[in-house]
Amino acid sequence: MRIPIYIILFFSATLSLRAQEADSTQLFSYIQKAMNFNKVVPQEKVYLHFDNMGYFENETMWFKAYVIKTDNGTPTNLSKVLYVELLNPSGDVIKTRKYPIDEKGEAHGDLKLDTLLGTGFYEVRAYTRYMTNWGVNAIFSRVFPVFKKPQQEGDYTDLTLQTRLYKQRDPNNRDRTDSLYLNAIEEGVYSSKLEKTISVQFYPEGGHLIAGKKCRVAMLAVEDNGFPYQDEGFVMNEAGDVLGAVETDSLGRGVFEVVPDGSDLTFQMRNLKKKTQFFPLPPTKTEGCALGFDAISDTMLATIQTTDSLCGSLMGYVVIHNGNILQYDTLKAVPLMEIEIDRLSMKEGVHQFTLFDSKGEILAERLFFLCPKINNGDSILVKTDLHSLKSCGKVEIELQTQPNASLSFSAIDAQTMTNGKQGNMKTWMLLSSDVKGYINNIDYYFEADDKEHRHAADLLMMTQGWRRYDWRLMSEKYIFRKSEPIEDKFYIYGRLKPYRKKNPANGVNVEVLLYNKDGQSLIGKSQTDAFGNYAFEMPFVDGEWTMQIYTRREGKRKTYYVGIDRQFSPTPRFITPLESHLLHPLKSNLKLQKQISSNEEEEAFIPITKKDHVLQNVTVKAKKKYFTNDNWKYKNENYGRQYATLYYNIDKELNDALDVGKPVPYLLSYLDERNALFEYYPGRRSMTLSEYVKYAGRDVAWIVDNGERRFVPRIEELWLDEVKSIYIVPGHPDNTNGNVSIYVYLHTKFTTESQKGLRRTYFQGFNSPSTFQMEDYSIVPPMADFRRTIYWNPNVQTDAEGRAHIEFFNNSTSQELYISAEGITPDGKILINE
């Protein structure tokens, strides 16, 4: 039986049309899922406004936190707990604070820099637990210089910093895979291996090089020390033909065009020694889409070159901003396609263009940035009627901005500023929080919206792009697993692991008892599920609480490894060399009505120590307490701290280990795992201690409780739960033999000893923020006052007309002030005074 050809063609066309309709339906389903994803799983961002740009030892770092939801930019109504951490240069978390987030999405607190072991560049991080689901790039981070305490009070001219990164003290605990000059291959990002003097990374636009198609490739060149490298380079094929050339800018960035011919491509560039180095380009794909995105012209255009194998297929694209889809469509693939992006319909900040196929797979993707327009309504105007600043004199300032706005305000002694500015709330929320790594001179990208600034921003997007919004998760191509919850309350939860096989972890009755020094107590009861999981819900409490967790099975106490799920602090990120160097200090920005002249008479400043003053009546509330215990010396950790460069809070470290279900180790085993410079050879236990324990190849001198105990336990027999703290001194001034001194302090009373069916630990409630201290010189007479932060107020509220009045007293030396004021309106508008 013969079937006419037109019937065959008809049915073939019908099947093809139905297949395309099915593909189109599938494409739109991915887009719909992505739209819903941001509603179901909105993200949060946090920004910290600080009182100063740099600090000295023993000073206090004051801050105000602003937490927003990214989907609409308004103050968060999700998380109620904020974590703030201080990290030393090597990446150890040395302080952690927990603060409540109020109904305005705000919190404030402080970090005292009184227990630091050395100066250097310290990192402050802030995040909600929910934010850690998106990794370390999703949290707030800023690096500050901390200088040596002045030898003479008020003399801030000696800016001493220990810039070496604990090379002989402690291994670098930061994630170096994130650095720009180490060998790392990520999705769509390729880097060369570090060779001698320079390293180069390549970033094909859209993610891939496509054979036979014109491709743009961004690149980043750095020296061995991580600083940018500026020079000319060339792209070569296997035959030695030059296919492209590029010259990097002052930040080591550049972009070139190349048409891959299918052979292996290499990039050559001369290093500082004028020797040519060769770097392989990413491998070329024979099928795919080459993306060219013009984000510089007023009319933005995405140009897509498609290989023959994909022509005729259906594709989709989306433009995403803060998780919201601003533009989308489907298209039938042809060799050359152009998509126009309406600049006026886009938002301020970072956007993401994603091209995908009918299976939801990404064909090409890149970020682009739109500079915000200058708007005086976003400014905080600062005015004063003062003609000059007087020693310990009263300062009155008027603020004018949006009505009912919440602000934080800092007045800084401009003459003692030690570092420059690193952006503000607007630069963080619109740019830094959506880009990977440190942005050098971030204010430049907000100066103007001309072609020069757009080009610089485009290079930034191509070389430091990070996908806060992963299309594969949003479209449900991959399953999003939210491992960390939204903390709208305090929760205690974890998992039991059997101590003995005969005691399974399911169906165990778990009871928690918490009590604090004020005599308050809380009790909770739970039962583990089939996997040994338990959970408690707690009210918000303040301060540190002792926590005891009892485990019972069939009415009898049984011992289990009691894990607590509270180890969610992100991995410390890599700090680039550009980030750890001093910026030029800022000048005064408070305009006085006129400068003080030499003819003007000013009351001479005479401190209280140089002149008799009549004080108001005072009442002694308490007398100073003195130590009377003759054995105090063995408790005094200042002996170990005095020259130490490394400190371990063993109580905390042990709790961290127990939280993840680890048994209590020996002290030596712990140090061997904790510190890569510690060398422990347990197979040599028949030898002397100095022969099987070394530190960086050097002998170790052990000092237990400052050498004051009558009975000193053998180091190799010490369990970690017997130890309170450890200080490591690589170079003690009294040490002439080059040994490393390790001070070990034991618990005076062994209170952490485990009992059957009981784990003792602690629970940290909210920390109470300190109050900024300032003398009221309308009551007390002038005194020598060297505050560098003259005034800090984290809770300034404007009235219905947008006004706020600030009053404070100057220190005894400042003649110029730098004002830093930032804030936000109830609908999420960011306000700054610059």
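Which strands are included in what covers the buried residues of helix 3? I put this to a predicted model.

**Entry 1: helix 3**

I located helix 3 at residues 451-464 and noted its 14 residues. From first C-alpha to last, I find that the helix reaches 20 Å, close to the 20 Å expected at 1.5 Å a residue. I then looked up burial: 11 of the 14 residues of helix 3 are buried, so the helix is largely enclosed by the rest of the structure. Among the buried residues I list His 453, Arg 454, Asp 458 and the run from Leu 459 to Gln 464. To return to my opening question, the cover includes strand 10 (198-204), strand 12 (215-223), strand 15 (253-258), strand 19 (289-294), strand 24 (349-357) and strand 25 (362-370).

**Entry 2: Tyr 444**

I placed Tyr 444 in the loop between helix 2 (425-430) and helix 3. Setting aside neighbours within four places in sequence, I find Tyr 444 in contact with Glu 452, His 453 and Ala 456. I also took the C-alpha to C-alpha separation of Tyr 444 and Ala 457, which is 9.2 Å in space for 13 residues in sequence.

**Entry 3: Lys 213**

I found Lys 213 in the loop between strand 11 (209-210) and strand 12.

Conventions: Residues are numbered from 1 along each chain as its sequence is written. This is a predicted model: local features need pLDDT of at least 70, side-chain atom pairs count only at pLDDT 80 or more; totals for chains, interfaces and linings use all residues. Side-chain values use heavy atoms; hydrogens and water are left out. Helices (H or I, at least four residues) and strands (E, at least two) are DSSP runs, numbered from the N terminus. The expected span of a helix is 1.5 Å times one less than its number of residues. Buried means under 20% relative accessible area, exposed over 50%, partly exposed in between (1.4 Å probe, protein chains only). Contact means heavy atoms within 4.5 Å.
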